[in-house]
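Thanks for making time this morning; I would like to walk through one model, moving from single residues to the way the chains meet. Please keep the display open while I talk.

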2 protein chains.
Amino acid sequence: MTEKEFLALVKEIELLKSTLALSGWDIQTGMPERASEYRAEQNAFLSQLLFERMTGEKMTLAMEYFAKNRVELSELGQKVYDKVKEGYDKKRVIPAEKDEAYNREASKAFTNWIKAREQKDFGLFKDSLANLIAMQKEFITLWRKDEKTPYDVLLNQYEPGMTVEILDEVFGKVREGIMQIRQTIAEKGIEPRVDFLSRKVPKEFQISFAKELSTALGFDFSRGRLDEAVHPFMTGFNYNDARLTSRWNEEDFQMGIFGVLHEQGHGQFEQNVSPDFEYTPLKNTMSMGIHESQSLFQEIMIGSNKSFWKKQYPRFQEICEGRFDDIDFETFFAGLKRSQSSLIRIEADTLTYVLHIIIRYEMEKMMFNENVSVEKLPELWNDKYEEILGIRPQNDLEGILQDVHWTSDFGYFPSYALGYMYASQMKHAMSQTLDFDTLLKCGEYLPIKQWLDENVRVFGASVKPKDVLKNATGEDLNPKYLLEELEKLYFDVYQVG
Amino acid sequence: MTEKEFLALVKEIELLKSTLALSGWDIQTGMPERASEYRAEQNAFLSQLLFERMTGEKMTLAMEYFAKNRVELSELGQKVYDKVKEGYDKKRVIPAEKDEAYNREASKAFTNWIKAREQKDFGLFKDSLANLIAMQKEFITLWRKDEKTPYDVLLNQYEPGMTVEILDEVFGKVREGIMQIRQTIAEKGIEPRVDFLSRKVPKEFQISFAKELSTALGFDFSRGRLDEAVHPFMTGFNYNDARLTSRWNEEDFQMGIFGVLHEQGHGQFEQNVSPDFEYTPLKNTMSMGIHESQSLFQEIMIGSNKSFWKKQYPRFQEICEGRFDDIDFETFFAGLKRSQSSLIRIEADTLTYVLHIIIRYEMEKMMFNENVSVEKLPELWNDKYEEILGIRPQNDLEGILQDVHWTSDFGYFPSYALGYMYASQMKHAMSQTLDFDTLLKCGEYLPIKQWLDENVRVFGASVKPKDVLKNATGEDLNPKYLLEELEKLYFDVYQVG
């Protein structure tokens, strides 16, 4: 076995993964409804080819050979080996037919989720969800090493090293801090005017502005595209093909525009991983939390910054052909950042967003560590919303059916909250050498993009999240930067103190 | 080897083909420009997997085993075997690396064709084209059995049994007949009014009307979709996923609307092949000419019929919100069917279209039977247009760069002209039992769809084109029905006789 042979096998794996990613993108961007059965067969077959390559005889040979003959690998080869070994160990313990069955079930679950949403009836999705959870639980028993709880096993897959123990503590602090800010602005703040936020902005104006912003911030449309999807996402096939999706509402321009700001941050990550890692799993992210930090940096650190909008608001007004000429900048910005309890995560404001994540984290803990039955989930979901945000969903569409994640993935949600904290910490570190606000005021985004490229994105999956954070910011995860950021922003918007 | 094992292998082949088809659709409907290199690698890999299955050890075993033990196969199994054997023999003689190289070259050729179009410069596409022709010529020497000329080998692949000898004769008659009609209307006809054809019709109105028509005619959007592409096409992944594409021009509503009418005819073919043939090559068409007959039936036999527009024009007027209220029906219909020499095939009118095909047929004969060098092709193309249509392209974009076909396929063009003739002959046959004009006048399209489903589409590739034509119409290919159709239509529009 030579390094060249090993890398050729790894390349096949990556090509199959990006083929499945293309299929996944297609499913969510308008695949004909009745095509799903055939597509499930197709994806199962492709997954089987992938599985064979990831765990078959040849890979086993490579894993064993280079475990003993590591020195025969180049430095890059060794990094690839380590990353492949992780995936190998994870896959290897799952029998092929179970892996296939899971993919098939997930494909059906997505279709049922769409139907359930149309009927606002969790009942139509319930069985799929129960099947997926049961299968995941079986996998967890196979994957589990020294993780303290079953849910830790899932957390660890998205955010290496993350545990329920850590999250319970960090989320406790963040929840407490956000509650305090909410209380202060509720007591002393002046509620911003928001009526103008629902003014009709034609979809094509919104798309035009969102694309212009994305391009200015550094997303490269010659290496990406933008489509519509029920649940917006980004998928990167390789560094030259990163695909954004968004949804548009002409009576709520914020949804689409901030959605694109977010997704193009994910896209920038994909586009700026080192090309040396192409055709290897090093082209991926070191963790989902770090990936989220890149989208949230764009959406929150940049997109919620007053200087950013000072520069961009006149352009927005121009594109909107007079529709906002009577709204001055201060009013506009304060309106954008109004905070209010809401039911839908992806429409949540910057202050309450993390609370939505904490609810999902609690739900997933219950599914995996407390074996709660799926029938009870909608009620539990609604109870949590009442407890933490003070409002209760009136139906499943505005409750438990709102997110696509549980049609295939569990343990992902905490990444969003970690992304908030990572992004805040990166902004703090970046501000030691860059005059952040001035750059935004001038619309000079390139130095910010470069900082993120060089300190975070370029490494792909060749480093650990903990290390990249430490190297980039000089310290370990520290939730205080997020709380400082939120306090500064919301005390300004609500004119407190 | 059992039938079940054989069919499982065949299913894998079909799943890989539809995966490549998805990738191909994606390339032409907005894949990021810079993604083409990666995609070429991806397609080469998938093609290699396909090639292995189509020609590898297991398939060879199946081919040999069932050649001797045919009786062990069911009736369907035997049909599948025969079809697979055709493909096996075709592929088997091409070495794997040459097949791969061709796919890679074709992928690059498409990118270069796009660039060449932007610059209106054939020079940017020339080398790719030369490479493809050279590779095809090599393949032809490997494929050739008793075909009289190299080009016959290519013709035969799209239209089994078709030859240069037959086409020279049939095209001679058709060209002569069309020339006579053109001369008559030029001498005695009254030129229709056409100024209103360039009235601005917003794209969304056009899409809305085109979708409504397609649905009424029998295309099922729950098993298909409509997208934009530079060069419109239809691709069918399976009978539940047939994808149309079109391009839109707000100053030329005919382009998009007739384009969709055409493509949804292809789509109807795909959607109505017997579901029994799913996951086998029998789900495909018996020939490209027959497939084209289904699109041209919709575009010409229905879409150029006066009774059809008598019914649909009021609805078109309504969707266009008053833009055509001053144009009476006779004026509108005559304008639609005006005939005029033009440079672009897909914008050509019904009378001159086949002449565009005859030019391409002559060009392909020169490429493969006369070994003309690629440098000379643009000049030769322009000369042909001057000779046959009396007009000369001023640049390569309105000349030789207009069609996507030569980025991968040669020998396909004659199928369009065959499609015209087949469609006319089918309409003649259908009219023996159906009152065609009355059905169109009433907007009752279902009996027409059913006739085509039952007599043509349902068979997929399980029959020969010659047989399906004979069974459906009672006779062999006869070009007189096309000429009768054209004469009737154009003498009416030009008020001759």
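This is a predicted model: local features need pLDDT of at least 70, side-chain atom pairs count only at pLDDT 80 or more; totals for chains, interfaces and linings use all residues.

Let me start with Cys320(A), which is buried at a relative accessible area of 1%, where buried means under 20% relative accessible area, exposed over 50%, and partly exposed in between, with a 1.4 Å probe and protein chains only. Cys442(B), by contrast, counts as partly exposed, at 41% relative accessibility.

Residues are numbered from 1 along each chain as its sequence is written, chains are lettered from A and ligands numbered from 1 in the order in which they are written, and side-chain values use heavy atoms, with hydrogens and water left out.

Now to the annotated positions. The unreviewed UniProt entry places a "binding site" feature at His262(A), His266(A) and Glu292(A); UniProt positions are given in the numbering used here, feature names are shortened, and annotations may be inferred rather than shown by experiment. Those residues are spread over 31 residues of sequence, yet they cluster in space, with a largest C-alpha distance of 8.8 Å.

Which helix holds His262(A)? His262(A) lies in helix 10 of chain A, residues 253-272, where helices (H or I, at least four residues) and strands (E, at least two) are DSSP runs numbered from the N terminus. His262(A) is buried, at 10% relative accessible area, and, leaving aside neighbours within four places in sequence, is in contact with Glu292(A), Ser295(A), Leu296(A) and Glu299(A), contact meaning heavy atoms within 4.5 Å.

Glu292(A) sits in helix 11 of chain A, residues 288-302, and is buried with a relative accessible area of 1%. Its side chain makes a polar contact of 3.0 Å with that of His266(A); a polar contact is a pair of N or O atoms within 3.5 Å, where within protein one must be able to donate a hydrogen and the other to accept it, and residues adjacent in sequence count only if both atoms are side-chain atoms. Beyond four places in sequence, Glu292(A) also touches residues including Tyr412(A), Ser415(A) and Tyr416(A).

The "active site" annotation, again from the unreviewed UniProt entry, covers Glu263(A), which is placed in helix 10 of chain A and is buried at 8%.

Finally, how do the chains meet? In chain A, 38 residues are in contact with 38 residues of chain B, and the two chains bury about 3,200 Å² between them, 55% of it on carbon and sulfur atoms, buried area being the accessible area (1.4 Å probe) that two parts lose on being put together, summed over both. On the chain A side, Arg34(A), Tyr38(A) and Phe45(A) lose the most area to chain B, together 22% of what that side buries.
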